[in-house]
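Student: I would like to learn how to read a structure like this one, feature by feature. Could we look at it together, with the general idea before each case?

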Amino acid sequence: MSTSKFHPVVPSGSFGKWIDNLFNATMTDVLGSDFTISSPSVNVEEHEDHFDLKLAAPGLEKSDFQLRIENDSLIISAEKKTETEETQKRFTRREFNYSTFRRSFQLDDSIHREGISASYENGVLNVRLPKKEESWKKPSATTIEIK
């Protein structure tokens with residue numbers, strides 16, 4: 001039986017493949033999902049009298065969100081803290097997870113700020129941004145006199 005020395009820095013496969021894997025890894029691959037900063041995906045749909053903003057944020061509770069208007073921007077943020085503790089005969093294991101995000105959206109003058117509403121269902125935050133009535137009502141046809 002022969003022995004060989006283990007070198008943890010030198011990859012066991014081809015060096016080129018090892019370099020490719022190293023530089024193609026995401027932060028989630030390297031650090032794990034608990035350490036990544038996430039920015040949830042958002043879809044915005046415009047309708048005649050309102051905008052619908054849909055933000056994908058699965059795994060959160062309604063109470064994790066905070067919505068506010070600040071300096072003509074709608075700011076949506078969420079914070080979730082999770083802690084678990086398991087105690088057995090000779091050891092205690094504690095784990096915690098902390099995730100947060102913040103998105104902001106510039107509101108123009110056509111948005112009726114007091115009418116903004118939000119709901120959270122099936123991992124999607126739905127924000128309804130009503131337009132001011134004068135911005136979506138079409139003016140009636142008028143005749144212009146030629147002088």
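Student: How many bridges join S3 to strand S4, and how do the two strands run?

Tutor: Strands here are DSSP runs of E with at least two residues, numbered from the N terminus, and two strands pair if DSSP finds at least two bridges between them. In this predicted model, where residues are numbered from 1 along each chain as its sequence is written, S3 and strand S4 (residues 73-87) run antiparallel and are joined by six bridges. Local features need pLDDT of at least 70, side-chain atom pairs count only at pLDDT 80 or more, totals for chains, interfaces and linings use all residues, and side-chain values use heavy atoms, with hydrogens and water left out. Within this pairing, phenylalanine 65 stands opposite alanine 78 in S4.

Student: In what order do the strands of the open sheet come?

Tutor: The order is S3-S4-S5, three strands in an open sheet with antiparallel pairing. Strand S3 (65-70) and strand S5 (92-106) are at the edges, and because each has a single partner strand, one side of each is left without a neighbour in the sheet.

Student: Is serine 77 buried or exposed, and which residues is serine 77 in contact with?

Tutor: Burial is read from relative accessible area, where under 20% means buried, over 50% exposed, and anything in between partly exposed (1.4 Å probe, protein chains only). Serine 77, found in strand S4, counts as buried at 13% relative accessibility. If contact means heavy atoms within 4.5 Å, then, leaving aside neighbours within four places in sequence, serine 77 touches Asp64, Phe65, Gln66, Arg68, Phe101 and Arg102.

Student: How many salt bridges are there?

Tutor: Side chains of opposite charge can pair when their charged atoms come close. The rule asks for a side-chain nitrogen of Lys or Arg within 4 Å of a carboxyl oxygen of Asp or Glu, and by it the count comes to four. One of them joins aspartate 64 and lysine 80, whose closest N and O atoms are 3.8 Å apart; this pair links distant parts of the chain, with aspartate 64 in the loop between strand S2 (50-56) and S3 and lysine 80 in strand S4, 16 residues apart. Aspartate 64 is buried at 16% relative accessibility, whereas lysine 80 is partly exposed at 22%. Another salt bridge is formed by arginine 113 and aspartate 72, with 3.3 Å between the closest N and O atoms; arginine 113 lies in the loop between S5 and strand S6 (117-121) and aspartate 72 in the loop between S3 and S4, 41 residues apart.

Key
Helices (H or I, at least four residues) and strands (E, at least two) are DSSP runs, numbered from the N terminus.
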